[in-house]
Amino acid sequence: MSEETTKRQDMRVRRTRKHLKEAFLRMILKKPLEKIKVTDLAEIAEINRKTFYLHFTDIYDLMDTIADETAGKIIRHFSDELTQNITVIYETLDTDDASYQLLFFDASYGRFQKRLWRDIFSSDFFRKYYGGTEHPEITCGYLFAIPSIYRAWRDSKEKTLSLSELAETASGLIERGFWGGVRILASRSESGRVRAA
């Protein structure tokens, strides 16, 4: 097989997978996850059902792929600085895309969320926070404060912190515990950058 033929096939594979992912993201806005059928996705993606199975084993495999790719995009923007990395996470979560809002926050997509955070928190950067501890699997659980802090901020009526300030607060919590985060908020409040509650 020539190099040109291989490139064309690779491009066709990427295009088909892209169409299937886009079809899935459109479908979750119209139907609950358990009602989405491969036949429906294939029709929207303008492929036949058998072609779907050349790329994914089922709907959940497709969703897992989207979770892995989303985590990969986040991790690619990581630096060596915790606050900056949390900012990258928060900027991703702060999307207007309704499909991703469902995937990130709706309980129906717990599988997606679990996989996304597993991928992110098992990255080399985050391993340094729990990898050397006696019980890394338990200590890693502390990192789940990161998305929880964002969600609390998102759901609050008054957003007195910017995303970067929110990331700085979350960073303080991760690096110095609860009182580290409280001290960051208190110092902002005293400096007048944040209104008193």
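What is the volume of the second largest pocket? Hello everyone, let me start there: the value is about 150 Å³. Please keep in mind that this is a predicted model.

So who lines this pocket? By type, the lining has six nonpolar residues, two polar ones and one charged one. Three helices each supply at least two of the lining residues: helix 6 (98-105), helix 7 (110-121) and helix 10 (145-155). Which of the helices gives the most to this lining? That is helix 10, with three residues.

Over the whole structure, a search finds 14 aromatic pairs. One of them is formed by Phe 125 and Phe 126, in an edge-to-face arrangement, with 5.1 Å from centre to centre and 85 degrees between the planes. Are these two buried or exposed? Both Phe 125 and Phe 126 are buried.

Now to the core. In soluble globular proteins, nonpolar side chains tend to be buried together. Here, the largest nonpolar core has 53 residues. Those with the most contacts inside this core are Phe 24, Ile 89, Tyr 90, Leu 103, Ile 120 and Phe 126. Helix 4 (residues 59-76) provides the largest share of the core, seven residues.

Let's look at Leu 103 from that list. Setting aside neighbours within four places in sequence, Leu 103 touches Phe 24, Leu 25 and Ile 28, then Met 63 and Ile 66, and finally Tyr 109, Phe 112 and Gln 113.

My last stop is Leu 143, which you will find in the loop between helix 9 (136-139) and helix 10. Why does Leu 143 count as buried? Because its relative accessible area is 2%, and buried means under 20%. Again leaving out neighbours within four places in sequence, the residues in contact with Leu 143 are Phe 121, Phe 126, Tyr 130 and Ile 174. Take Ile 174: in sequence, Leu 143 and Ile 174 are 31 residues apart, while their C-alpha atoms are 7.0 Å apart in space.

Conventions
Residues numbered from 1 in each chain as written. Predicted model: local features only at pLDDT ≥ 70, side-chain atom pairs only at ≥ 80, totals over all residues. Heavy atoms only, no water. 1 Å grid on protein atoms, 1.4 Å probe; cavity = no way out; pocket = protein on both sides within 12 Å on 5 of 7 lines; lining within 4 Å. Points joined across faces, edges and corners; volume = space filled by probe spheres on them. Helix = DSSP H or I, 4+ residues; strand = E, 2+ residues; numbered from the N terminus. Nonpolar A, V, L, I, M, F, W, Y, C, P; charged D, E, K, R; others polar. Core = buried A, V, L, I, M, F, W, Y, C linked by side-chain atoms within 4.5 Å. Buried < 20%, exposed > 50% of the residue type's maximum accessible area, 1.4 Å probe, protein only. Contact = heavy atoms within 4.5 Å. Phe/Tyr/Trp six-rings, centres within 6.5 Å; stacked < 30°, edge-to-face > 60°.
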